[in-house]
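Dear colleague,

Please find below the structure that I am handing over to you. My notes on it follow directly after.

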Amino acid sequence: MSSPSLLIEIVLVYLVTDKSHLDIFSNRPQPKKKRKSRTAFTNHQIFELEKRFLYQKYLSPADRDEIAASLGLSNAQVITWFQNRRAKQKRDIEELKKDFESVKVFSGHKSFLENVNDLSILKKKPLHPDAAVMGGLAAAAAAGMMPVVTAPPPPPPPLPHHSPQK
């Protein structure tokens, strides 16, 4: 039977010499192949892909083969480009919806300048009792809340009256 100190010494020597237990990636299989670098499409390729995307969001395998061959790309590159383009279109549409909603909410409120103009009317002393009403109507018209009403043009001068000559 071996002594406990000898057993501890053997374990310590093993731990010091074998460091694989310290490597957290030691059980992972090594990658088989390197990842392909990012493709830099030419302007012509992008133009042709975008042109096709305008009327066809999804490609059949035959269409994909045709585009890949005509542009000098692989099928995988065409597949990936169309997937990414559909995702970009979806993001753009969502952003436009958010912008539209914020414009609808904002347009429902008076602007700061409209509120300041309304407050300045309250500070003025009307010269005539009807002046306050007219000032309020003018402010409302200026704020686009009602059409601007102008005085009708004066009537045309009367035509000269010719009496029948005898």
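Rings of Phe, Tyr and Trp, the last taken by its six-membered ring, count as a pair if their centres lie within 6.5 Å. Please note that this is a predicted model.

A search of the whole structure finds three aromatic pairs. One of them joins Phe53 and Trp81, with 6.3 Å centre to centre and 85 degrees between the planes, an edge-to-face arrangement. This pair links distant parts of the chain, since Phe53 belongs to helix H2 and Trp81, 28 residues away, to helix H4 (residues 75–107). Both Phe53 and Trp81 are buried.

Phe53 also pairs with Phe82: the ring centres are 6.0 Å apart and the planes stand at 55 degrees, so this pair is tilted. Because Phe53 lies in helix H2 and Phe82 in helix H4, the pair ties together parts that are 29 residues apart in sequence. Phe82 is buried, at a relative accessible area of 3%, and Phe53, at 3% relative accessibility, counts as buried too. Together, Phe53, Trp81 and Phe82 form one aromatic cluster.

Helix H2 (residues 43–55) also packs with helix H3 (residues 61–71), at an angle of about 160 degrees and with the axes 10 Å apart. Angles over 145 degrees count as roughly antiparallel, so H2 is roughly antiparallel to H3. Their crossing is right-handed. On the H2 side the contact is made by His44, Gln45, Glu48, Leu49 and Arg52, and on the H3 side by Asp63, Glu66, Ile67 and Leu71. By class, this contact of H2 with H3 has four charged, three nonpolar and two polar residues.

With kind regards

Definitions and conventions:
Residues are numbered from 1 along each chain as its sequence is written. This is a predicted model: local features need pLDDT of at least 70, side-chain atom pairs count only at pLDDT 80 or more; totals for chains, interfaces and linings use all residues. Side-chain values use heavy atoms; hydrogens and water are left out. Axes are lines fitted to C-alpha atoms, for helices over the stretch in contact, and angles run from 0 to 180 degrees between N-to-C directions. Helices (H or I, at least four residues) and strands (E, at least two) are DSSP runs, numbered from the N terminus. Angles under 35 degrees count as roughly parallel, over 145 as roughly antiparallel, 65 to 115 as roughly perpendicular and the rest as oblique. A crossing is left-handed if the near helix is turned anticlockwise from the far one by less than a right angle, and right-handed if clockwise. Contact means heavy atoms within 4.5 Å. Ala, Val, Leu, Ile, Met, Phe, Trp, Tyr, Cys and Pro count as nonpolar, Asp, Glu, Lys and Arg as charged, and the others, Gly among them, as polar. Rings of Phe, Tyr and Trp (its six-membered ring) pair if their centres lie within 6.5 Å; planes under 30 degrees apart count as stacked, over 60 as edge-to-face and the rest as tilted. Buried means under 20% relative accessible area, exposed over 50%, partly exposed in between (1.4 Å probe, protein chains only).
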